[in-house]
Amino acid sequence: MSTVATPSEATPRTLPPGRYSFFDLVKSEWTKIRTVRSTMWTIGVTVVLGIGIGALVTAVTRAHWSGMNVGQRVSFDAPATSLVGMFIAQFAVGVLGVMVISAEYSTGTIRATLSSAPNRSKVFGAKVFVFGLLAFVVAEFTAFVAFFLGQFLLSAPATHATLSSPGAFRAVFGGALFVCVLGLIALGMGTIIRHTAGAISAFVAMLLILPIIVQVLPTQLSMDVRKFLPDRIGADIITTNGGVGQSFSPWMGMLVLALYAVGLLIIGNSMLERRDA
Amino acid sequence: MIEAEGLTKHYGAKHAVEQLSFTVRPGFVTGFLGPNGSGKSTTMRMIMGLDSPTAGDVTVKGKHFKDLHWPLHEVGALLEAKAIHPGRSARSHLKMLAQTNHISMARVDELLEVVGLTSVAHKRAGKFSLGMGQRLGIAAALLGDPEILLFDEPVNGLDPDGIRWVRNLLKGLAREGRTVFVSSHLMSEMALTADEVIIIGKGKLISQITVEELLSQSTENFVRVRSPEAAKLKLALEKEGAVVALEDDGSLSVRGANQVAIGELAATIPVVLHELAPQSASLEEAFMELTEDSIEYHGTTATGPTNSTGAKS
């Protein structure tokens with residue numbers, strides 16, 4: 001049956017020079033992200049609802065403009081109103097951010113990935129880069145289209161803005177950047193938690209539950225802590241008619257949010273390096 | 001060449017792999033055998049750098065897997081069937097792997113053809129059967145034409161045709177001088193495929209042995225003899241030091257003497273022989289003998305109703 005024959009000489013092999021590069025992994029991550037339906041779904045939701053809800057709300061506002069009193073008209077924030085759909089977009093982008101990594105674990109693809117490229121930090125870097133870029137482009141596209149469509153729908157006599165109106169460009173560009181950075185926070189959470197449902201829950205809790213918890217703290221403490229919360233930072237960057245209370249300046253808030261993202265991604269990466277896959 | 005030295009993996013209190021040392025040589029199919037839960041998959045994951053050992057070391061071509069410059073060109077592995085995103089097509093799955101190691105799409109399509117998945121290359125992998133998942137996993141392992149190949153239970157879920165295909169594939173790869181390391185809990189499968197087996201039980205090395213040696217070592221080797229004068233022959237054989245058992249059907253099972261010696265002895269007495277048949281233990285039996293003490297999960301063969309203890313979970 002099993003005669004132990006003399007093995008033939010191992011075929012001499014010449015490997016290409018160098019080694020697999022970050023750019024190779026970026027190409028691979030791009031293939032991964034665009035070949036699954038969840039990506040198309042979450043991007044579809046981001047774009048369609050991000051633009052659609054803004055359009056709906058601005059159209060309704062325009063229709064009721066004549067019935068609004070002076071105070072309402074003066075405090076009306078035209079850019080922020082057209083960007084109201086970004087509230088939904090942030091959840092869709094967050095879900096995609098989580099799934100980019102958690103789906104690798106739930107499906108076992110992570111083991112195929114790391115068998116083709118065992119340098120985990122390099123793989124993770126490529127993943128962050130590809131997702132971050134995609135989230136940035138999609139969010140900016142959504143925000144700018146929502147802004148222009150919304151301002152078009154807010155025709156005179158309703159107040160409407162242009163990109164050169166005070167704070168308008170910051171609200172549009174920054175609002176989208178906020179969504180992109182939230183996506184990176186979600187990716188960090190997904191890497192740490194590794195389970196889709198768990199990581200999405202943590203992400204949603206951060207945006208919806210954390211503010212409620214902070215609200216019931218003693219007043220002074222609540223005021224001090226509140227400005228550190230991501231939802232407040234998002235509200236600050238998108239609002240153009242004065243602050244929403246004790247806050248960081250809009251860009252300072254973005255910097256704080258970016259530090260959260262960097263921190264979570266660094267923790268996620270070190271856990272990816274250390275844990276068994 | 002794969003070399004493990006004192007390889008150990010503990011998960012908390014559970015000792016999955018314990019002080020495992022072995023060498024897998026190029027040019028042979030080396031079977032990796034053990035009952036379910038004996039640490040085969042854990043060992044393979046450690047070879048691939050997916051799990052880090054608690055102690056000890058394992059290298060491929062003298063290097064840690066993590067340090068390879070072109071992993072897919074150097075080591076190919078099928079670790080688990082259907083480790084694929086169910087929403088991704090077979091071709092996209094191979095594409096995303098190929099891109100990491102500068103492998104062309106022509107090679108991807110060639111392999112889809114080799115494993116027989118060309119017609120479903122664009123279908124979502126979630127719809128694949130276990131067998132198709134295995135074929136896709138084998139394609140992934142072969143992508144970079146690597147010198148070293150690992151297959152964890154590759155025939156699971158395959159039909160007889162597929163099993164024969166895998167068997168010939170593994171032998172062919174070894175003949176080309178590659179290192180082929182294939183795990184299985186089925187000794188019978190290894191008997192047909194492997195040249196050498198590494199047997200483990202409860203994470204520990206039981207034996208590294210060629211399939212031939214394993215068979216000849218087994219105590220289950222005996223010669224079946226039938227004779228109208230069985231009692232007389234039995235006495236004569238026992239005088240020569242053989243161990244003879246009279247079976248229910250009237251035949252004799254002789255251990256400690258081969259068919260040549262028995263035949264010659266019979267002629268000198270003389271007694272007439274109706275049958276003189278050496279019985280080889282199946283590898284399955286040899287394997288069972290070796291691993292008897294190290295089965296992690298015992299099944300029972302009772303078919304009747306069990307009593308209430310532990311029923312209904």
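## A tour of the nonpolar cores and chain B

Start with the largest nonpolar core, which has 147 residues. Select Leu136(B), Ala139(B) and Leu143(B), the residues with the most contacts inside this core. A nonpolar core here is a set of buried Ala, Val, Leu, Ile, Met, Phe, Trp, Tyr and Cys residues joined through C-beta atoms within 7 Å. Buried means that 20 or more other C-beta atoms lie within 10 Å of the residue's own; exposed means 12 or fewer, partly exposed is in between, and C-beta atoms are placed from the backbone.

Next, select residues 168-193 of chain A. This is helix H8, which gives the most to the core, with 16 residues. Helices (H or I, at least four residues) and strands (E, at least two) are DSSP runs, numbered from the N terminus.

This is a predicted model: local features need pLDDT of at least 70, side-chain atom pairs count only at pLDDT 80 or more, and totals for chains, interfaces and linings use all residues. Residues are numbered from 1 along each chain as its sequence is written, while chains are lettered from A and ligands numbered from 1 in the order in which they are written.

Now go to Ala139(B). Leaving out residues up to four places away in sequence, Ala139(B) touches Leu94(B), Leu111(B), Leu112(B), Val114(B), Val115(B) and Leu117(B). Contact means C-beta atoms, placed from the backbone, within 7 Å.

Then pick Val225(B), Val244(B), Ile262(B) and Ala266(B). They are among the twelve residues of a second, separate core.

Finally, colour chain B by domain: domain 1 is 2-215 and domain 2 is 222-279. The bounds come from an automatic or database domain assignment. Taken over C-alpha atoms, the two domain centres are 46 Å apart.

Note on methods
Contact = placed C-beta atoms within 7 Å.
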